[in-house]
Amino acid sequence: MPGGTTGALILMLFLVFLLGMFLDWTGIVLLSFPIMLPIVNQMGVDVLWFVVMVAVVLQTSFLTPPFGYALFYLKGVAPKGVEIVDLYKAVIPFCALIVLACVLMAFFPVLVTGLPSLMLGY
């Protein structure tokens, strides 16, 4: 694959992001993990790191249109007068922070794997 391991990981996370716009997280996990985890393991990538990255990417996809499940929940509890477009605009900074967290975890995997490795001694 062009881009090697990095390209494959970016493609997998992008696919999870796209699926997160239309499916619930359980469906995504049941569909994608049996395919992706053996590939990730074969590439020599830490599976814990990959699963955490998928979880963070899924959180971003739940805040983005067209379906944005979390936005519909927020619309249900928002005061009258708050439109869905207002909520779409309001989540932009949060999506930016989540993307920043993904970038930090990509460049510094010890943020994800550090504490478990200390606790488990590997």
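**Exercise 1.** In this predicted model, find which residues of the largest nonpolar core touch the most other members.

*Solution.* Start with the core itself, which has 29 residues. Count contacts among its members, and Val16, Trp49, Phe50 and Val54 come out on top. Now zoom in on Val54. Skipping residues up to four places away in sequence, Val54 touches Leu13, Val16 and Phe33.

**Exercise 2.** Work out how H3 and H7 are oriented where their axes cross.

*Solution.* Take H3 (residues 47–61) and H7 (residues 110–120): their axes come within 9 Å and cross at roughly 130°. Angles of 65 to 115 degrees would be roughly perpendicular and those over 145 roughly antiparallel, so H3 is oblique to H7. As for handedness, the crossing is right-handed.

Then look at who meets whom. From H3 you've got Leu48, Trp49 and Val52, and they meet Val112, Thr113 and Pro116 of H7. Sort the residues of this contact by type and you get five nonpolar, one polar and no charged.

**Exercise 3.** Is Thr113 buried or exposed, and what does Thr113 touch?

*Solution.* First place the residue: Thr113 sits in H7. Its relative accessibility is 15%. The cut-off for buried is under 20%, so Thr113 counts as buried. Finally, list its partners, again leaving out residues up to four places away in sequence: Thr113 touches Asp46, Leu48 and Trp49.

Notes
Residues numbered from 1 in each chain as written. Predicted model: local features only at pLDDT ≥ 70, side-chain atom pairs only at ≥ 80, totals over all residues. Heavy atoms only, no water. Axes fitted to C-alpha atoms, helices over the stretch in contact; angles between N-to-C directions. Helix = DSSP H or I, 4+ residues; strand = E, 2+ residues; numbered from the N terminus. Parallel < 35°, antiparallel > 145°, perpendicular 65-115°, else oblique. Left-handed = near helix turned anticlockwise from the far one by under 90°. Contact = heavy atoms within 4.5 Å. Nonpolar A, V, L, I, M, F, W, Y, C, P; charged D, E, K, R; others polar. Core = buried A, V, L, I, M, F, W, Y, C linked by side-chain atoms within 4.5 Å. Buried < 20%, exposed > 50% of the residue type's maximum accessible area, 1.4 Å probe, protein only.
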